[in-house]
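Please consult the sequence and the structure shown here before reading the points below.

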Amino acid sequence: MGLISLLWGVVALLWMILALIPFLGWGNWFLIPFAAVGAIIAAIGILFTHPSKRGRAWAGLVLNGIVVVVGIFRLGLGGGVI
């Protein structure tokens, strides 16, 4: 689960970089739920993984969380459209 959430976070991060381009901010409307699902997968991975092997799941959770926060901030700056 940790590897899946980490890869999910990397894809979300690349998508976020694309959505930062002006006039592509509408992509954040799809990005935020995508990254939220990745964060849920990471949380499940943290719950069901041995404590010594939770590093990837934590990294995926942090990465997806950062993407969600930046996506929400970007939507706020652009008025939800731009």
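In helix 1, the residues I4, S5, W8, V11, A12, W15, M16 and A19 meet N28, F30, L31, F34, A35, V37, G38, I41 and A42 of helix 2; contact means heavy atoms within 4.5 Å. The residues of this contact comprise 14 nonpolar, three polar and no charged. Here Ala, Val, Leu, Ile, Met, Phe, Trp, Tyr, Cys and Pro count as nonpolar, Asp, Glu, Lys and Arg as charged, and the others, Gly among them, as polar.

The model is predicted: local features need pLDDT of at least 70, side-chain atom pairs count only at pLDDT 80 or more, and totals for chains, interfaces and linings use all residues. Residues are numbered from 1 along each chain as its sequence is written, and side-chain values use heavy atoms, with hydrogens and water left out.

**Helix 1 against helix 2**

- Two packed helices are described by the angle between their axes and the distance between the axes.
- The axes of helix 1 and helix 2 come within 9 Å and cross at roughly 165°; axes are lines fitted to C-alpha atoms, for helices over the stretch in contact, and angles run from 0 to 180 degrees between N-to-C directions.
- Helix 1 and helix 2 are therefore roughly antiparallel to each other, a term for angles over 145 degrees.

**Helix 3**

- Helix 3 covers residues 55-77, 23 residues in total, and reaches 33 Å from its first C-alpha to its last, close to the 33 Å expected at 1.5 Å a residue; the expected span is 1.5 Å times one less than the number of residues.
- Helices are DSSP runs (H or I, at least four residues), numbered from the N terminus.
- Buried residues of helix 3 are A57, G60, L63, N64, V67, V68, G71, R74 and L75, where buried means under 20% relative accessible area (1.4 Å probe, protein chains only).
- Helix 1 (2-19) and helix 2 (28-48) are among the elements that cover these buried residues.
- Just after helix 3, G79 takes a positive phi of about 70°.

- S5 lies in helix 1 and is buried, with a relative accessible area of 0%.
- Not counting residues up to four places away in sequence, S5 touches G38, I41, A42, R56, A57, G60 and N64.
- G71 belongs to helix 3 and counts as buried at 0% relative accessibility.
- Apart from neighbours within four places in sequence, G71 is in contact with N28 and I32.
- The C-alpha atoms of G71 and M16 are separated by 7.0 Å, although these residues are 55 residues apart along the chain.

Terms used. Helix = DSSP H or I, 4+ residues; strand = E, 2+ residues; numbered from the N terminus. Buried < 20%, exposed > 50% of the residue type's maximum accessible area, 1.4 Å probe, protein only. Parallel < 35°, antiparallel > 145°, perpendicular 65-115°, else oblique.
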